[in-house]
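Reader: I'm new to this one. Could you show it to me and then let me ask about the terms?

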Amino acid sequence: MDITVLTQVTGILGPFAWVMGIILNGIYEFLSIFGIPNIALCIVIFTFVIKMLMLPLTIKQQKGSRLSAKMNPEIQKVQAKYKGKKDQASMQKQQAEMQEIYAKYGSSPLSGCLPLLISLPIMFALYRVIYAVPAYVNDVKSLYDVIAQGVINIQGFPEALAQFLKDNAIAVNTTAFSEALTLGHMDVATNKLIDIFAQFKTANWEVFILKDTWNANYLQFLTSDNLTALQNFVSGINVKEAVEQIIHINRFIGNNLNILDAPGFTFPGILIPLAAAGSQFAQSKLMMAATPQSTSDDTPGAQSLKTMNTVMPVVSGIFCTFLPIGVGIYWIASSVVQIVQQIFINKYLDKTDIDDMIAKSVAKSNKRKEKYGVVKGNTMANVAKKTTKAIDVSSKTTSETKTSNKEKEASNYKKSNVSYAAGSIAANANILKRDSDKGDKK
């Protein structure tokens, strides 16, 4: 895979996006064998593959949800027991009792976060790959490359392109492209130009390849000869074929929709946001039904969850109305795959005895503890109790020893020839004198 395209994700998301790019490229090439190269279909299959790879994490998260539902009543009792108590002793006792409950179920406060922490970078990288298909699919990049290579050497084209983008309300920054060209980094400049072209919608391409589009208004950037060269190139057969192929591979549902276009509120585009909202709503309902509710409906947590499961699909539908159709296709495909997965996961978990699930969870937890040197069976409460007892005994012993020695020394005043009142200044002075005499003898 060509990794020089600058829209590829770097940093912590880079490895995730790179792997997904390989998968997406493989799917596209596979479909091309059968003469159906289509980005929308690639996104659907791509989403299915990624969701299946993440299935173990999904099952782990669902198991964790069921364990939490079983455990939460005990957690809530402890929280109610210490409600309003902010002193250190009460907080330590609450924490110790909570840890005992988690140990009882082989769980931890952070166990439910692990699958989410792993899936989040995958999700973020997934969006970036979908937004930058030419950066990851070699055959798609080649189509854009035909156009980029032809115009990049025409003197004055970067400035003319910036004006074209402004005239057609295409919000793309050309600074990186111009800087790379100025520095003579032609490979980088070509890739950045492909990045710009990748943001073109169907209407933008149709205007771009019209010879009359590049008219005398662009002579401020292009000489007459360069303007003629640009007009002839963009209206040439090779460029038109490349543009037609780009539009073709981005089509969805015949010629009516393009994955780079926003669906808007017209038919059939409006079906995309409606389907996205509906599928996400069905998915959230199925997931709620899969997890036993340990809290009543009038609790703030339950109400917040219900509100979120109602509002989020609506918000997603609104976003899909204005975002490229490709994003909506991904959301729909993702929800449909997760609905199917959830049905089978529910059947699997319904057949699994919760007590067996708890026993396995405890066994795994004990294994982890042994691995990290934590003695099996030592709960936080016991450790805290032993530690506190040790501190108390130690403190008491030290204090008692000091007091005993002091009293013993103070009482020795009677062994001298002179009697002093116990604890008096004279008695203490006599003790100091005797200690001093002993030191002199030594």
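This is a predicted model: local features need pLDDT of at least 70, side-chain atom pairs count only at pLDDT 80 or more; totals for chains, interfaces and linings use all residues.

Reader: What makes A169 worth a look?

Author: A169 has a positive phi, about 55°, although it is not a glycine. You'll find A169 in the loop between α8 (157-167) and α9 (175-182).

Reader: Why is α3 called roughly perpendicular to α17?

Author: Helix α3 (residues 55-81) and helix α17 (residues 354-371) pack at about 105°, with axes 11 Å apart. Axes are lines fitted to C-alpha atoms, for helices over the stretch in contact, and angles between N-to-C directions run from 0 to 180 degrees. Under 35 degrees counts as roughly parallel, over 145 as roughly antiparallel, 65 to 115 as roughly perpendicular, and the rest as oblique. So α3 is roughly perpendicular to α17.

Reader: Which residues make that contact?

Author: K63, R66, L67 and K70 of α3 meet I354, M357, I358 and S361 of α17 (contact means heavy atoms within 4.5 Å).

Reader: How do you know that K104 and E74 form a salt bridge?

Author: The term needs a side-chain nitrogen of Lys or Arg within 4 Å of a carboxyl oxygen of Asp or Glu. For K104 and E74 the N to O distance is 3.2 Å, so the pair qualifies. K104 lies in helix α4 (residues 88-105) and E74 in helix α3, so the pair ties together parts that are 30 residues apart in sequence. The structure holds 4 salt bridges.

Reader: Which residues make the nonpolar surface patch?

Author: F30, I33, F34, I36, L41, V44 and I45 make a patch of about 650 Å². α1 (14-33) and α2 (39-53) each give two or more residues, and the largest share, 3 residues, comes from α2. I36 lies in the loop between α1 and α2.

Reader: What makes something a patch?

Author: Its residues have over 30% relative accessible area and no salt bridge; like charges are joined within 9 Å, and nonpolar side chains (Val, Leu, Ile, Met, Phe, Trp, Tyr) within 5 Å. Accessible areas come from the Shrake-Rupley method with a 1.4 Å probe, and for residues only the protein chains shown count as cover.

Note on methods:
Residues are numbered from 1 along each chain as its sequence is written. Side-chain values use heavy atoms; hydrogens and water are left out. Helices (H or I, at least four residues) and strands (E, at least two) are DSSP runs, numbered from the N terminus.
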